[in-house]
Amino acid sequence: MNTSVAFDIIVIGAGPAGQKAAVQGTKGGKRVALIERERGIGGSCVYRGTIPSKTLRESALHLDRLKRAGEAFQFSLKPDTQIATLLSRLEDVVQAHDSFMSRQIRRNGISLFHGRARFLSEHTVEMQTVDGAQQQFTADTIVVATGSRPRNPEEIPVDHEHILDSDSLLSMIYLPRSLAVIGGGVIGCEYASIFALLGVEVTLIDRAPYPLQFMDRELVEQFIKGFEQQGGHYLGGQHIEQVRWNEVAHVATKLSDGTTVNTEKMLVALGRQANVEDLNLSAAGIMVSDKGVIPVNQYCQTNVPHIYAVGDMVGAPALASKAMEHGRRAVRHALNLPIGDAASTIPLGIYTIPEMASIGLDEVGARERYRDPLIGRAKFEEIARAQISGAGHGLLKMVADPAGERLLGVQVVGDSATELVHLGQLALQSGATIESFIDNVFNFPTYAEAYRIAALDILGQAAKIRTAKAA
Ligand SMILES: Cc1cc2nc3c(=O)[nH]c(=O)nc-3n(C[C@H](O)[C@H](O)[C@H](O)COP(=O)(O)OP(=O)(O)OC[C@H]3O[C@@H](n4cnc5c(N)ncnc54)[C@H](O)[C@@H]3O)c2cc1C
């Protein structure tokens, strides 16, 4: 007979969402079981997503800096450059992350189990290990954090050799000469711009006229400009009619306008699919939406109140930062601890080259809410720090209410955008005025100076409006 081990909280999945949930649970004085099916902990963030892609990006930027510094030497990568060479630091980064996370789990007294988990009932979870052994666990609170995987439509024959997805892309041995990327979302745009900077001939294809539809259009235009300057091509407004590996040398992608794009490799980046199938959710009475995600409320509670779903499995945006906040939030709610309102201001960071970031309302969102918001702009060309680093173009947009007093949002494209946005995030959260960006002394030269320039732009517009009204 299978006896159950009782815990206060069971967390399924040890990606960023599950880890934070587990740590929060033990910090709240509870006995926590963390169940992970893989040998390593860290989820797709560590092994197939954030860390590998950002390591490759760092290599691409480093090589680009070398290339620019040694322009006279005509430096270029060898045609048969191995991806492993470009990812030489990955092993060290993953190891460092892994040992940090293992220490954190041990230090917090979390009970870590390796095996595949599934529900047997509302309070019981069964885990099966790789050698087939089964173990049952019960708990008052259960947090499901099983993440997501690439969504590969049936009509696209992903073979993980010529036609790859984001899980298999970096298993390519050599840097390809050419790459077609289908899908203008975050993953597609990030990889497209990284490979273009590495000298690969990249064609990015999407149905929409512009990629990254949820981002500010002006930022996206700057991104496309930078991508095309690196030799990339964006083909918008295109439907994929057919994708085939020709069994010899290239992947042929037939487009709706009749053209065919031939490339050595293809990356399919058509979104993510929640990992819900293996969990036997019906045994616990948990609902799944038509889109295949688990619907949750603001505290990440499913329709079964003591069962929470967190991270990628509840849908977009698929971000490690959001996943961690979900894990924390869900367990704090379960333990009746104060939660705060951090989740309403989660920033977006997109590690394209150039990178982009956003917090709060953008221009379109602010127009819908306030009709005539004021938009302050600071072009990086006007900033000494950007001129010195030769980092090229960039733009910071500050969105304010129609009186030019209150900050509503910030969007940035260009070098350090994903860091810069946090200054705007703090300002938004603390209700800072536009004036406060002028009243403070900023280091010189810094990218942060862009905030001051954009704030001055807004205050100038507000003053003109006041004068016009008074006249
Ligand atoms: C190419 C790429 C680049 C990315 N770049 C960024 C970035 O720059 N910034 C950012 O914030 N985000 C980025 N992301 C997204 C980020 O990786 C995810 O949002 C994050 O990993 C989601 O965390 P999670 O905990 O919800 O799920 P995951 O990280 O997917 O973890 C889920 C865990 O659950 C385990 N599991 C699944 N089923 C079971 C089961 N039945 N039993 C036990 N265990 C199970 C899995 O093995 C896995 O370890 C990127 C993603 C990709 C693919």
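**Close-up views of a predicted model**

K397 is buried, with a relative accessible area of 1%. This value, like the others in these legends, comes from a predicted model.

**View A. Salt bridges of E218 with K397 and R377.** K397 forms a salt bridge with E218, and their closest N and O atoms are 2.6 Å apart. The two residues belong to distant parts of the chain: K397 is in strand β23 (residues 395–400) and E218 in helix α7, 179 residues apart. E218 also meets R377 in a salt bridge, at 2.9 Å from N to O. Because E218 lies in helix α7 (residues 217–229) and R377 in strand β22 (residues 374–379), this pair ties together parts that are 159 residues apart in sequence. E218 is partly exposed at 26% relative accessibility, and R377 is partly exposed at 30%. K397, at 1%, is buried, since the limit for that class is under 20%.

View B. The structure as a whole holds 18 salt bridges.

View C. The side chains of E325 and R329 meet in a salt bridge, with an N to O distance of 3.2 Å. Both residues lie in helix α8, four residues apart, which is about one turn of the helix. Are E325 and R329 buried or exposed? Both E325 and R329 are buried.

**View D. A patch of positive charge on the surface.** K27, R103, R106 and R107 gather in this patch. Helix α5 (residues 90–107) supplies the largest share of the patch, three residues.

**View E. The surroundings of M172.** M172 is placed in the loop between β10 (163–165) and β11 (178–182). M172 counts as buried, at 6% relative accessibility. Apart from neighbours within four places in sequence, M172 is in contact with I83, L164, F195 and K265. The C-alpha atoms of M172 and E91 are separated by 16 Å, and the two residues are 81 apart along the chain.

View F. The bond from A316 to P317 is cis, with omega near -5 degrees. P317 is in the loop between β19 (307–309) and α8 (320–334). F444 and P445 are also joined by a cis peptide bond, with omega about -5 degrees. The loop that holds P445 runs between α12 (436–439) and α13 (449–470).

View G. H160 is a residue other than glycine, and its phi is positive, near 60 degrees. H160 sits in the loop between β9 (148–150) and β10 and is partly exposed, with a relative accessible area of 41%. N336 is not a glycine either, and has a positive phi of about 60 degrees. N336 is in the loop between α8 and β20 (348–350). With a relative accessible area of 72%, N336 is exposed.

Technical notes: Residues are numbered from 1 along each chain as its sequence is written. This is a predicted model: local features need pLDDT of at least 70, side-chain atom pairs count only at pLDDT 80 or more; totals for chains, interfaces and linings use all residues. Side-chain values use heavy atoms; hydrogens and water are left out. Patches are made of residues with over 30% relative accessible area and no salt bridge: like charges are joined within 9 Å, nonpolar side chains (Val, Leu, Ile, Met, Phe, Trp, Tyr) within 5 Å. Accessible areas come from the Shrake-Rupley method with a 1.4 Å probe; for residues, only the protein chains shown count as cover. A salt bridge is a side-chain nitrogen of Lys or Arg within 4 Å of a carboxyl oxygen of Asp or Glu. Lys and Arg count as positive and Asp and Glu as negative; His and the chain ends are not counted. The place of a charge is taken as NZ of Lys, CZ of Arg, CG of Asp or CD of Glu. Buried means under 20% relative accessible area, exposed over 50%, partly exposed in between (1.4 Å probe, protein chains only). Contact means heavy atoms within 4.5 Å.
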